[in-house]
Amino acid sequence: MCVVLIADQSSHVSDIHQTFRGNLQTSSDEATTSAVLIEPAALRKRSRSDSELRRNSDQPVTSAELARHNSEDDCWLAVKGKVYDVTGWTVQHPGGRVIATYAGRDATDVFACFHAATSWGQLKQFYVGDLVDPQPVPPLLADFRKMRTQMQQQGLFKCKKGYYLLKLASNFGLLATAVAVFALWRDRTWAYILSACLISLFWQQSGWLAHDFFHHQVFRSKRLNYVMGLLVGTVCLGFSPAWWKAKHNTHHAAPNELDHDCKTPLDPDIDTLPLIAWSVEMLESLPNASHRMLVRAQHYFFFPILLFARLSWCQQSVAHAYGLSKTQKHGWDELACLVVHYGWYLGLVFSQLSLAKGLLFVLLTQMICGFFLSIVFVQSHNGMEVYSTEKDFVTAQVVSTRDIASGIWNDWFTGGLNYQIEHHLFPTLPRHNLAKIQSRVQSLCERHGLLYESCGMRVGTVRVLQRLAHVASHA
């Protein structure tokens, strides 16, 4: 998803309470505006006055000066040797306030990976000057940029629409089968459980499709990607796009990363205390012995926690969309789609079952889907390196990410996210082309001494549990 997007559809609010570089925080009561291009002076407060920027337009900037503008309230970044002042743009930025995670440093690779060609031209309204003493491009990044250029020339970023039509059709086939089983044999225990599993799989696969649409893998039109994401992600799955994008963008920008104090997660996906700690360093933020005692048993209750993941995400989505609706029109769009989601789902359940059986069915589907979604997430990153030192874009993605072996089942069940390293390096690459670049990425890592971790689903699960047990032993 977008990290430094200049103009896009949708926006974000976040109830994730992380602190990014430069005291960046997000709140569920804050939201971005619609993506419209307005005169820069009307859009944002810059770290220097507009009159000063005009006087100093196209003035040289040193790396030391760039590094001083390293907070959300004073946010400069460099892209291809040019420096841009995006102070204040974080609240309009459709990709979220995650933009400030690159404040004061080079953002060339992260910008290129998350943005369409049309976004490059819009950078000029933020231009400050050229970087006079840019650091030499490391061989790893030079090879990575060359690989990306070759992939573009080979048309690998072009989507096969037929592939996604089949995915949509097969996914709605899951729902139709679940409804048929539910209606015909609802009094049979096996049908009750089978239909719950099928609906859970329908939700899970809807999530993977929404993920692809919101990463702009399918259509060139950002608006069309957003509308389709709203359909499968909100009407079908029941998640708020703004909530998901804010959370997911941050994860992509800072996977498994802690703040410089080694205590506060920048990545919301590892911000799981007081229940789960993913590194020994995170234990330092636990306030008392009772919290440590809880973490000592984390590897035992880890799987039961996954069962409640969807319930938590649904609650956050509703709260997020409601908060957004107070200030933004698209907040009402999200709320309306959530109403449709719960309307068709609860209508289906309680039109066929008694109140008691219906409530049990609702709980069962929520728990099964929570497990189906989260088991894919945890194998992709958990148990990999958790770091606090600044890393280049490629290294940060590779050392924190794990691939799961390819196969008909794994490719389908994970929605292509078993190619997690490839996806993190090229998030706009259509799902059906991820396998085509795997050998290239492996070669890149081998040439530059990066560990490329790939294993089966069982081994990945074991490694996650081993990391949890190791951290628990230090609690």
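Ser 380 is in contact with Ser 400, Thr 401, Arg 402, Leu 417 and Gln 420, leaving aside its neighbours within four places in sequence. The model is predicted. The protein has 475 residues, and 56% of them count as buried. Its secondary structure comes to 20 helices and seven strands.

**Overall fold and surface**

- Take the contacts between residues at least 6 apart in sequence: 71% of them join residues at least 24 apart.

**Ser 380**

- Ser 380 belongs to helix H15, which spans residues 355-381.
- Its relative accessible area is 4%, under the 20% cut-off, so Ser 380 counts as buried.
- The side chain of Ser 380 reaches the backbone oxygen of Val 376 at 3.0 Å.
- Gln 420 is 40 residues away from Ser 380 along the chain, yet their C-alpha atoms are separated by 6.3 Å. Gln 420 is also one of the contacts of Ser 380.

**Thr 461**

- Thr 461 sits in helix H20, residues 457-472.
- With a relative accessible area of 18%, Thr 461 falls under the 20% cut-off and therefore counts as buried.
- A polar atom of the Thr 461 side chain lies 2.9 Å from the backbone oxygen of Met 457.
- Not counting residues up to four places away in sequence, Thr 461 touches Phe 303 and Gln 379.

**Second largest pocket**

- The second largest pocket holds about 750 Å³ of space.
- Its lining has 23 residues; the closest to the pocket centre are Ala 116, Ala 117, Phe 157, His 216 and Arg 220.
- Elements giving two or more residues to this lining are helix H4 (108-114), helix H5 (117-121), helix H6 (139-153) and helix H9 (222-236).
- H5 provides the largest share of the lining, with three residues.
- By residue class, the lining divides into 10 nonpolar, eight polar and five charged residues.

- His 216 is among the residues closest to the centre of the second largest pocket.
- His 216 is in the loop between helix H8 (189-214) and H9. H9 itself gives two or more residues to the pocket lining.
- His 216 has a positive phi of about 60°, although this residue is not a glycine.

**Lys 80: positive phi in a strand-to-strand loop**

- Lys 80 also is not a glycine, and its phi is positive, at about 50°.
- The loop that holds Lys 80 runs between strand E2 (74-79) and strand E3 (82-85).
- Lys 80 has 62% relative accessibility, over the 50% cut-off, so Lys 80 counts as exposed.

**Cis peptide bond at Pro 274**

- The peptide bond from Leu 273 to Pro 274 is cis, and its omega is near 10°.
- Pro 274 is placed in the loop between helix H10 (241-253) and helix H11 (289-295).

How values were computed:
Residues are numbered from 1 along each chain as its sequence is written. This is a predicted model: local features need pLDDT of at least 70, side-chain atom pairs count only at pLDDT 80 or more; totals for chains, interfaces and linings use all residues. Side-chain values use heavy atoms; hydrogens and water are left out. Helices (H or I, at least four residues) and strands (E, at least two) are DSSP runs, numbered from the N terminus. Buried means under 20% relative accessible area, exposed over 50%, partly exposed in between (1.4 Å probe, protein chains only). Contact means heavy atoms within 4.5 Å. A polar contact is a pair of N or O atoms within 3.5 Å; within protein, one must be able to donate a hydrogen and the other to accept it, and residues adjacent in sequence count only if both atoms are side-chain atoms. On a 1 Å grid over the protein atoms alone, a cavity is a set of points where a 1.4 Å probe fits but cannot get out, and a pocket is an open set with protein on both sides within 12 Å along at least five of seven lines; lining residues have an atom within 4 Å of a point. Grid points are joined across faces, edges and corners, and a volume is the space filled by probe spheres set on the points. Ala, Val, Leu, Ile, Met, Phe, Trp, Tyr, Cys and Pro count as nonpolar, Asp, Glu, Lys and Arg as charged, and the others, Gly among them, as polar.
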